[in-house]
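Subject: Structure for you to look at

Dear colleague,

I am passing on the structure below, followed by notes on what was found in it. Please keep the view open while you read.

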Amino acid sequence: AAQRLEGKTIVVTGASSGIGRSIAVEFARTAPKNNLKLVVTARREEALRELADQIRSEVGDGVKVLPFKLDVSNPEEVRRFVPSLPEEFRDINILVNNAGLVKGVARAPEIAEEDINIMFSTNVTGLINMTQAVLPIFKARGSEGGSGDIINIGSIAGREPYQGGSIYCATKAAVRSFTDALRKELVDTRIRVIEIDPGQVETEFSVVRFYGDKEKAKAVYAGVTPLTGDDIAEIVVFAATRRENVVLAEALVFPNHQG
Ligand code: NDP
């Protein structure tokens, strides 16, 4: 697996916590001596710096890590992202679109406009804008229409909507449609478009959902054994390290009790 990551540049959005953080660490652990370059992005810079330190202390200087403050819901910041990367990090091979959030649990008529906007601008428009930012790099690579991996983190919520989650579920259904259409549009290239849909994973996700209320967030996992970010990270890295001709187009991953 490490060989297949040789010399690659990987961008992970939402790497400051949870699944995104685990994905960055898992790539570094998988290919510690393969000239990997990791760009870890999110809004919380301090957490990104801690992540970079953690990776350095685990694998040494074999992996170059660049913490990069980036709000994917801000189209202007996304437009500036690739041009403002140091040159050695610009030849991106893998984009993991992981940044995402849910705000509130409310029936559709009561959902605050602000929460609707933040969910769509992060989970959907942010993911699309990031994809558009890297595709020219992918398309310019090689002679077969380009190469590279776009790995989108969707959700079981995009497949099975639930009461109180109409907007979040709609954003994840949008991710799924976008991902499927993009894969079809890129069928004549060596660009792989992959979607990983987690079920319940214990992260800061529910703390954000309940506007920082840790007690409410904890209650979500009462009596269940949720997945960890590492469980999802292993699948993401597995998908990225298949032989070039193998597209793990989608995976639905949930803890045993959730089936
Ligand atoms: P976390 O809250 O732990 O992580 C979310 C990450 O997204 C953080 O790093 C956060 O960083 C980042 N983020 C949020 N908004 C923005 C933004 N505007 N710009 C850039 N980064 C942003 O939750 P998870 O790790 O659980 O979530 C990761 C993904 O997994 C999401 O897409 C989520 O929908 C999906 N998912 C999670 C499930 C779960 O049960 N946990 C289940 C199914 C899917 P910062 O605040 O620093 O910007």
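Buried here means under 20% relative accessible area, with exposed being over 50% and partly exposed in between, for a 1.4 Å probe and protein chains only. Strands (E, at least two residues) and helices (H or I, at least four) are DSSP runs, numbered from the N terminus.

Before going further, please note that this is a predicted model, in which local features need pLDDT of at least 70 and side-chain atom pairs count only at pLDDT 80 or more, while totals for chains, interfaces and linings use all residues. Residues are numbered from 1 along each chain as its sequence is written, and side-chain values use heavy atoms, with hydrogens and water left out.

Ser147, which belongs to β5, has a relative accessible area of 17%, and it touches Phe138, Arg141, Arg190 and Ile191 when residues up to four places away in sequence are not counted. Contact means heavy atoms within 4.5 Å.

The strand is part of an open sheet of seven strands, with the order β3-β2-β1-β4-β5-β6-β7 and parallel pairing; two strands pair if DSSP finds at least two bridges between them. At the edges stand β3 (64–69) and β7, each with a single partner strand, so one side of each is left without a neighbour in the sheet. Neighbouring strands are turned by 15 degrees against each other on average, direction ignored, where axes are lines fitted to C-alpha atoms (for helices over the stretch in contact) and angles run from 0 to 180 degrees between N-to-C directions.

On one side, β5 runs parallel to β4, joined by four bridges, and Ile94 stands opposite Asp149. On the other, seven bridges join β5 to the parallel strand β6, where Val193 is the bridge partner of Ile150. The chain crosses from β5 to β6 through helix α5 (residues 166–185) in a right-handed β-α-β crossover, and β4, helix α4 (residues 113–139) and β5 also make a right-handed unit. Right-handed means that, with the strands pointing away from the viewer, the path from the first strand over the helix to the second runs clockwise. Further along, β6 and β7 pair over four bridges, with Asp197 opposite Leu252.

Helix α8 lies across β4, β5, β6 and β7, running at about 165 degrees to β6. Its twelve residues (229–240) should span 16 Å at 1.5 Å a residue, and the end C-alpha atoms are 17 Å apart, which agrees; the expected span is 1.5 Å times one less than the number of residues. The buried residues of α8 are Gly229, Ile232, Ala233, Val236, Val237, Ala239 and Ala240. Seen down the helix axis, these residues fall within an arc of 155 degrees, so they line one face of α8, the arc being that of the directions from the axis to the C-beta atoms.
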